[in-house]
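Here are some notes to read alongside the structure, written as numbered points. Keep the 3D view open and look up each residue as you go.

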Amino acid sequence: MTFAPDTVVNRSAAHSPMAVSQTEVAVEIIGMHKWYGDFHVLRDINLRVMRGERIVIAGPSGSGKSTLIRCINRLEEHQKGQIIVNGTELTSDIKRIDEVRREVGMVFQHFNLFPHLTILQNLTLAPIWVRGIPKAKAEETAMHYLRRVKIPEQANKFPGQLSGGQQQRVAIARSLCMNPQIMLFDEPTSALDPEMVKEVLEVMISLAEEGMTMLCVTHEMGFARQVANRVIFMDQGQIIEENEPEGFFSNPRHERTKLFLSQILH
Amino acid sequence: MSSSSFVRQEIAPAEAPPSSNAGAGAWVRKNLFATPQDTILTLLGIAFLLWAVPPVFNFVVGHAVGPGGTVDECRAQDAGACWAYISARISFFIYGFYPIDQFWRPNIVMLGGAALLIPLMAPKLPFKRLNALLFFIVFPVVSYILLAGGAFGLESVPTERWGGLLVTLIISLVGIICSIPLGILLALGRQSKLPIIKTFCVAFIELWRAVPLITVLFMASIMLPLFVPQGVTVDKLLRALVAVTLFEAAYLAEVVRGGLQALPRGQYEAGDSLGLKYWQRMGLIILPQALKHVIPGIVNSFIALFKDTTLVSIVGIFDLLNTIQAGTSDINWSAPNQAITGYVFAAAVYWVFCFSMSRYSIFMERRLNTGHKR
């Protein structure tokens, strides 16, 4: 990451490496609306994400949180307002969409690894075909990230032979191989057995510690407390509350937030 | 006070299964005589085999006249199949009316095709790219020049004189190989977001699927010449080839579409989110999986196509079945079982090809299975 030291401030004193830029905007969403047919899923979304921010998006199911982050790499199309990612505004222009997608990694709830390719091929596919990196170099990078997510020995297996937690770590490594500037996580631990949640969260935490800009839809409130610098609460397609984790959990202001937190924090 | 808590101290060892669960006796009991109904079905099955097998065996082998036999033996009272007739006319069944002194040309084509196709289908053999290039590009050109002649000092042999198994294989192979890319393109086009492409593909597929192959062949060979300007002639065999290919492509498109729809949306999204372009996503992620899912359906269509090539006889092309049909009027070999023998032979040849395709498809399915369905 390239930060000029003077633009960097430490919001959370406990985690010194997690620095947020004050001048560099990673994602800017202005007055964005989205409809599915007649159904108004996202209403007047305004959000500015600075480089290095770790944002957790929480909310009840159907509140539009997944749809929101899927709009950021244009897996969903918005109908009104602006979304600007890395300075590129998302329109129907396919070139811009590809430009944004190259720089934005995404991790899905159901991993979405390619089952007909080995782990290594999963990791090298996009670098080779999208970035034009030579195969040997791409494999080297892939092994580097596999070591980082602690499963280099699985490189030549197929996704179907791995556990859920391992598959999700491969999915994260696959995104990292593209060297993205922003990572989107869409409920990355929701489909995992309880025993496997931790290994995935650990990888995400280490990513955050390296200063990756992250937007993360999750129900892991422990993760939000430890890693996020902002929590966004959504309901019925709107951002209802937005705060630092401490304030969000200890002093929720909106009634809906209070109800939600009382439901999930036993 | 008794406690309900329990902790296992040692692992229970694995034991051999009880004897009633293993061995031939257990197999017979389990598969043939498990219930009274099973017993009755087993006995009925045995009775049917006793009734059906001996006469069939006697016809095909027992009382049959072997390849070296004479026509008089075939005319005998209780003679079975007249294999002598088949062996006497075999060149007609393989080459049709192709000039006898030029048989080496189709021979080279058929042997060359087999020599290129077999290594192409065996996954372990190397040089796949070169092999594919030779088979899909060089082989068709060389074959056409060899078979049709009229160049390089080769005697010209018009396609009307091609026939028998040669023509059956040509129509099937060309139909199969050309319809795959066309069918895939149609299936992708049918999913396109562009209305023009989508409408064209839907219209094409629905039109061809709604018309019987016989009608298509009739149109191609009788109606089409009426529409083209005078003096322009398109070869009859070529017209049949085009008709069969387009017909098959429409069917394949629907099979492939089934595979495309069976893929979870996440596969498309994963490709998108990595920044892959449309053709990269399709070629690297979607189609390899979709086609693998529909191998049984694709091979099913190919088997149907192989047998449907017999319909070209209706427009006067002498394929294998048509030559055998024509052979029955050969009075030199007229015998009670002449026609039946011919048809049994035809059935056997079709069966060998179709069964091979079926086995190969099963082999490929197993080989391509990467165990992602757990």
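1. Let us begin with a term: rings of Phe, Tyr and Trp (its six-membered ring) pair if their centres lie within 6.5 Å. With that in hand, look at chain B of this predicted model. One aromatic cluster there is formed by B:Tyr85, B:Phe92, B:Phe93, B:Phe97, B:Phe318, B:Trp333 and B:Phe345.

2. How many aromatic pairs does the structure hold over all chains? The count is 21. One of them brings together A:Phe233 and A:Phe260, whose ring centres are 5.0 Å apart; their planes stand at 55°, so this pair is tilted. It connects distant parts of the chain, with A:Phe233 in strand E11 (residues 230-235) of chain A and A:Phe260 in helix H9 (residues 255-264) of chain A, 27 residues apart. Both A:Phe233 and A:Phe260 are buried.

3. Now turn to B:Tyr278 and B:Trp279. Their ring centres are 5.0 Å apart and their planes lie at 85°, so the pair is edge-to-face. Are these two buried or exposed? B:Tyr278 is partly exposed, with a relative accessible area of 33%, while B:Trp279 counts as exposed at 55% relative accessibility.

4. Next come the charged residues. Side chains of opposite charge can pair when their charged atoms come close. Over all chains, the count comes to 26 salt bridges. In one of them, A:Glu24 pairs with A:Arg51, and the closest N and O atoms are 3.1 Å apart. This pair also links distant parts of its chain: A:Glu24 sits in the loop between strand E2 (20-21) and strand E3 (25-36) of chain A, and A:Arg51 in the loop between strand E4 (39-50) and strand E5 (54-58) of chain A, 27 residues apart. A:Glu24 is partly exposed, at 29% relative accessible area, whereas A:Arg51 is buried, at 9%.

5. Which residue forms a salt bridge with A:Arg101? The partner is B:Asp272, at 3.7 Å from N to O.

6. B:Asp272 has a relative accessible area of 14%; because buried means under 20%, it counts as buried. B:Arg281 is buried too, at 12% relative accessibility. Elsewhere, salt bridges with shared partners join A:Lys34, A:Arg70, A:Glu76, B:Arg265 and B:Glu269 into one network.

7. Finally, follow helix H10 (residues 236-262) of chain B from end to end. H10(B) has 27 residues and reaches 40 Å from its first C-alpha to its last, close to the 39 Å expected at 1.5 Å a residue. Where this helix starts, a side-chain oxygen of B:Asp235 comes to within 2.9 Å of the backbone nitrogen of B:Leu237.

Notes:
Residues numbered from 1 in each chain as written. Chains lettered and ligands numbered in written order. Predicted model: local features only at pLDDT ≥ 70, side-chain atom pairs only at ≥ 80, totals over all residues. Heavy atoms only, no water. Helix = DSSP H or I, 4+ residues; strand = E, 2+ residues; numbered from the N terminus. Expected span 1.5 Å × (residues − 1). Polar contact = N/O pair within 3.5 Å; in protein donor to acceptor, adjacent residues only side chain to side chain. Salt bridge = Lys/Arg side-chain N within 4 Å of Asp/Glu carboxyl O. Buried < 20%, exposed > 50% of the residue type's maximum accessible area, 1.4 Å probe, protein only. Phe/Tyr/Trp six-rings, centres within 6.5 Å; stacked < 30°, edge-to-face > 60°.
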